[in-house]
Amino acid sequence: MSRLTGWSVVLVLSLGLLGACGGPNADNGDGSEEEPEEPSIPVEVAAAELGSISAAWRGSATLEAEAESAVVARVGGIVETLYVEEGDHVDAGAPLAQLDTDQRALELRQSKAELERLRADHDRNKAIFRENLISRELFDRTRFELESAQASHDMAKLALEYSTIRSPIQGTVSERLIKVGNLVAANSPAFHVTQFDPLLAIFHVPEREIHKLGKQQAARLTFDAWPDEIFPGEVDRISPVVTPATGTVKVTVKMDKAGNKLQPGMFGRVRILYDSRDDAVLVPADAVVTEDARDAVFVIVDGKAQRRDVEVGFSEGNVVQIVSGVDVEETVVITGQAALRDGSPVDVIGQDDAASTDETPDAEAAETSSTQG
């Protein structure tokens with residue numbers, strides 16, 4: 001046999017073996033070629049459920065006191081006594097500190113003596129004037145002197161009263177600025193009194209979103225100082241003007257009484273609930289995939305992933321409302337979407353384990369019954 005004939009025999013035998021083994025595009029017997037099976041992609045899923053969801057505006061706010069006052073010394077003097085300390089509650093008009101009164105007490109006695117002298121002169125001149133023994137001009141002069149002395153006496157009395165520094169409002173002493181023995185000048189700050197109930201949360205809302213808010217809407221605030229608590233309040237007032245520099249509107253929330261936990265100046269996060277939906281279709285927020293400004297989810301149908309465009313409504317926490325595109329109790333993918341395409345086979349993680357766990361008691365019971373039999 002020639003060398004060419006030998007190579008021909010080897011080639012024919014190789015093609016025959018390749019056809020017998022099926023090859024990469026094996027014939028199924030009907031003339032069609034079998035496609036390679038696509039591997040299943042592991043995913044985690046959750047069921048769409050009916051529930052209630054609320055829409056809220058979120059932002060940051062700073063607490064302020066509804067009423068606070070910088071208390072000043074109306075007259076100068078040396079501080080003799082302190083009646084209160086920081087943290088003490090005081091009523092309106094309560095004494096906070098006492099300045100020295102020796103000089104003002106003497107000035108009051110002096111003005112009182114002068115007032116009594118001029119009053120006696122005026123009463124005597126009044127009787128004489130009735131007898132036409134003095135002129136009208138002299139009588140009026142003594143009357144004016146009496147009125148001036150009365151005013152001086154009242155001022156001396158008021159200065160003595162001002163020697164006691166008093167609180168103009170009810171509240172809590174938040175700051176003391178003077179000490180015993182200090183010489184304070186007139187109109188210098190001495191205390192700061194703050195009214196902690198109610199407290200106001202002040203924040204600014206962009207003008208394009210102000211239509212969502214209205215008076216008496218419920219608000220919820222959280223603060224870093226109390227991370228596990230939510231403090232309620234409601235919208236008390238909304239400014240009627242827009243701040244030109246920032247394009248925002250000032251909104252004030254009145255806080256409910258919170259004891260001594262909250263203080264003016266605290267910085268917190270605010271949520272204002274402006275709408276709610278009952279019987280809404282809800283899915284985990286992780287189920288929604290956004291591409292090219294379009295929202296979609298993958299729904300499991302007959303073991304395969306089906307991509308659906310959806311319309312998203314309200315979102316709250318890690319839950320999203322689906323307005324259209326998904327029905328209640330349909331199963332949506334929450335983990336593994338990056339590897340999916342429409343029609344991809346899936347392997348639901350945890351489903352087989354749960355099924356085997358459910359079947360184990362029955363299998364053990366059957367085995368026990370068989371053994372006892």
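The legends below describe an overall view and several close-up views of a predicted model of one protein chain.

**Figure 1. Overall view of the predicted protein chain****.** The protein chain holds four helices and 20 strands. Of its 373 residues, 31% count as buried.

**Figure 2. The largest nonpolar core, with 21 residues****.** Phe203, Leu221, Val253 and Met255 are the residues with the most contacts inside this core. Two or more core residues come from each of strand S2 (49-73), strand S9 (188-206), strand S10 (218-223), strand S11 (226-238), strand S12 (248-255) and strand S13 (267-284). A second, separate core comprises 17 residues, including Val90, Leu96, Ile165 and Val193.

**Figure 3. The surroundings of Phe203****.** Once neighbours within four places in sequence are set aside, Phe203 is in contact with Trp57, Ser60 and Ala61, among others. Further contacts of Phe203 include Val249, Lys250, Val251 and Val253. Val270 and Ile272 are also in contact with Phe203.

**Figure 4. The largest pocket, with about 350 Å³ of space****.** Of the 17 residues in its lining, Thr172, Phe196, Asp197, Gly259 and Asn260 are the closest to the centre of the pocket. Strand S7 (171-176) and S9 each contribute at least two lining residues, and the largest share, five residues, belongs to S9. By class, the lining consists of six nonpolar, eight polar and three charged residues.

**Figure 5. The second largest pocket, with a volume of about 220 Å³****.** At least two lining residues come from each of S2, helix H3 (136-162) and strand S6 (164-166). The greatest contribution, five residues, is made by S2. Seven residues of this lining are nonpolar, two are polar and three are charged.

**Figure 6. Thr164 in strand S6****.** Thr164 counts as buried because its relative accessible area, 16%, is under the 20% cut-off. Apart from residues up to four places away in sequence, Thr164 touches Pro95, Ala97 and Gln98.

**Figure 7. Val320 in strand S18 (residues 319-324)****.** With a relative accessible area of 8%, Val320 falls under the 20% cut-off and is therefore classed as buried. Beyond its neighbours within four places in sequence, Val320 is in contact with Ile53 and with Val281, Leu282, Val283, Ala285 and Val288, among others. Val312, Phe314 and Ser315 are also in contact with Val320. Val320 and Ala280 are separated by 40 residues in sequence, while their C-alpha atoms are 9.5 Å apart in space.

Key:
Residues are numbered from 1 along each chain as its sequence is written. This is a predicted model: local features need pLDDT of at least 70, side-chain atom pairs count only at pLDDT 80 or more; totals for chains, interfaces and linings use all residues. Side-chain values use heavy atoms; hydrogens and water are left out. Buried means under 20% relative accessible area, exposed over 50%, partly exposed in between (1.4 Å probe, protein chains only). A nonpolar core is a set of buried Ala, Val, Leu, Ile, Met, Phe, Trp, Tyr and Cys residues joined through side-chain atoms within 4.5 Å. Contact means heavy atoms within 4.5 Å. On a 1 Å grid over the protein atoms alone, a cavity is a set of points where a 1.4 Å probe fits but cannot get out, and a pocket is an open set with protein on both sides within 12 Å along at least five of seven lines; lining residues have an atom within 4 Å of a point. Grid points are joined across faces, edges and corners, and a volume is the space filled by probe spheres set on the points. Ala, Val, Leu, Ile, Met, Phe, Trp, Tyr, Cys and Pro count as nonpolar, Asp, Glu, Lys and Arg as charged, and the others, Gly among them, as polar.
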